[in-house]
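I opened the model to look up its ligand surroundings. My entries follow the display.

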Amino acid sequence: MKWTETLIPTLREAPSDAEILSHKLLLRAGLIRKLAGGVYTFLPLGLRVLRKVEQIIREEMDRAGAIEVLMPALQPREIWEQTGRAETAKGVLFKVRDGADREWFLSPTAEEVITTLAAHEISSYRQLPRNFYQISTKFRDEIRPRFGLMRAKEFIMKDAYSFDVSDAAAMASYQKMYAAYHRIFDRCGLQNFPVEADSGVIGGSHSHEFMVPADTGENEVVFCEACGYAANREKATSGVPGTAAREPGGAPEQFATPGVVTIEALSREPYGVAAHRQIKTLVYLVEDSPVLVLIRGDDQLNETKFSARTGGLTFRPATPEECVEILGARPGSLGAVRRVPAEVRVLADERLRGANDMTTGANEDGFHLRHVAMDRDVRVSDWFDLRTVAAGEPCVKCGQPLNIRRAIEVGHVFKLGTKYSEKLGASYLDESGARRPCVMGCYGIGVTRTLQAIIEQGNDKDGIIWPLSVAPYQVCLTPLQVAAGHPVMELAETLYRELTARGVEVLLDDRDERPGVKFKDADLVGFPIRVAIGEKSLARGQVEIKPRRGALLAVDCAAAVSGIMAQLQPPG
Ligand code: ATP
Ligand code: MG
């Protein structure tokens, strides 16, 4: 391909709304253009990279025995009603109506569609296991689309769905995908690692996210260097000790705390109640039902854990006025000892189990209660792990201190069980003729997010550094004289033909531009190899090969092709 015959609109400056480096580079290197917030056009070079990432995914999915299909982006509302997700996933659903006023959803994922297909097409254990995948456009009404392709409203995802006869068989399918994901991200040149993850709205019991470490990542990963434990902070637990035992003391005793509405204020003199001896009481409305959360004063509530324990329904903190209505006091004086209506569900964090001699709000503005014993004085509906892990806490597996770092979620594998197959009737007849639900798993990769993650990891001050496996072109030929018939241009065209004939992907920069402009653009786009041909080097009988990540090599013209080919070999 010749530079002047395609579209590579490089920019010196990134548009001001591009926040992170990879987003800026996508725009500056002329790979994508924004149509609207979270909606992008792929330009020719961006599309070439996208196709390569897709191809790596396709090869590894095929190798793992998955079967490619293509499902519709338009999904009838009814199948989402059947699984209950028309309600639980409504926050991200794009809805459209046809002329007959029928409602459709634009595919954010495809569990409902594939399970409906399996319900019709799978009937016997002889047809199992099966794993279907597709690479297609997905739509999610993200409230805050940002960082370019990282969090878009329309993006490309690979999604796969496995169907098995049993839990054990489903686990084997899961392991195959897990291994395939490692290979995919390795081939994309990404540092990547799996972490234990929350299953979220999708449901299911077991899940891992594949993470790419990056300071701009939207996820926090808790990990242990000593034993390898790693989990999304949304899900991570630690081995923190419970609350130290004390004598229960007498009955709860009310004391005046005028103007004291924070944990911190109560920990100061004259009260001096250490934060870890306080019970923090939070009031949430889950749909419309009030739920109290009790957590130790020095801990933070993890809203993902809370959501997982309240059925993934929509929730929000109660307003101060609602707190008064429910408990008779405003935030700062709330507690769960007195005046808690019987119908209010009370969730308590495990770390409070058995805690004695605690202090909490009295449900009367300006008053607290001391000598509270959890087991004696508080009606707890359910005990859960609800707190957020902090760096330095002991690892839940080995006791060594935990670290936290930021990362980008590029893939996610779930064990789904029979949640979808039961609701949509995907069952099979086993060897004895009994009907049983298929045991499912689902497996996603953000294809466009992966593309951007590669840039986030591979760049320097001059621009992108593509791994060979996904570079838009492997070689950029840069003749410094481009007039037809000029010996420099003739050599460039010869090299172009010879390399292309050997299967190398070459871009010929035939623009009549200053060398500096051409070199800067080649570095910005990040071709793995740039080959400069100019009058001076030609006079010496040489061309200059410059690997994007290495030192410049002057090579005799006659050895140029083999010199370039040598650079294209993977190291080792
Ligand atoms: P996130 O937590 O980042 O919102 P998710 O957990 O909702 O993502 P999944 O349902 O697990 O996403 O989707 C599978 C993969 O699709 C994710 O691992 C991610 O790589 C990608 N993905 C999800 N949402 C987006 C988005 N809005 N833009 C780009 N890629 C996305
Ligand atoms: Mg996910």
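I sort residues like this: Ala, Val, Leu, Ile, Met, Phe, Trp, Tyr, Cys and Pro are nonpolar, Asp, Glu, Lys and Arg are charged, and the others, Gly among them, are polar. By that scheme the shell around ligand 1 holds six nonpolar, three polar and five charged residues.

This is a predicted model, where local features need pLDDT of at least 70, side-chain atom pairs count only at pLDDT 80 or more, and totals for chains, interfaces and linings use all residues. Residues are numbered from 1 along each chain as its sequence is written, chains are lettered from A and ligands numbered from 1 in the order written, and side-chain values use heavy atoms, with hydrogens and water left out.

I looked up who comes nearest to ligand 1: R140, E142, R151, A152 and E409, out of 14 residues around it. Near means a heavy atom within 4 Å.

Next I checked strands (DSSP E runs of at least two residues, numbered from the N terminus). β8 (154-164) and β21 (403-417) each supply at least two shell residues. β21 gives the most, with four.

Then I took polar contacts (N or O pairs within 3.5 Å). Oxygen atoms of ligand 1 lie 2.7 Å from a polar side-chain atom of R151 and 2.9 Å from one of R449. G446 uses a backbone N or O atom, at 3.3 Å from a ligand oxygen. Ligand 1 alone exposes 580 Å², and the protein buries 84% of that. Areas are Shrake-Rupley values with a 1.4 Å probe.

What coordinates the magnesium ion (ligand 2)? I found E409 (OE) and H412 (ND1), at 2.2 to 2.3 Å. Donors are N, O and S atoms within 2.8 Å of the metal (3.2 Å for Na, K and Ca); water is not among the atoms, so the site may look incomplete.

Notes
Polar contact = N/O pair within 3.5 Å; in protein donor to acceptor, adjacent residues only side chain to side chain.
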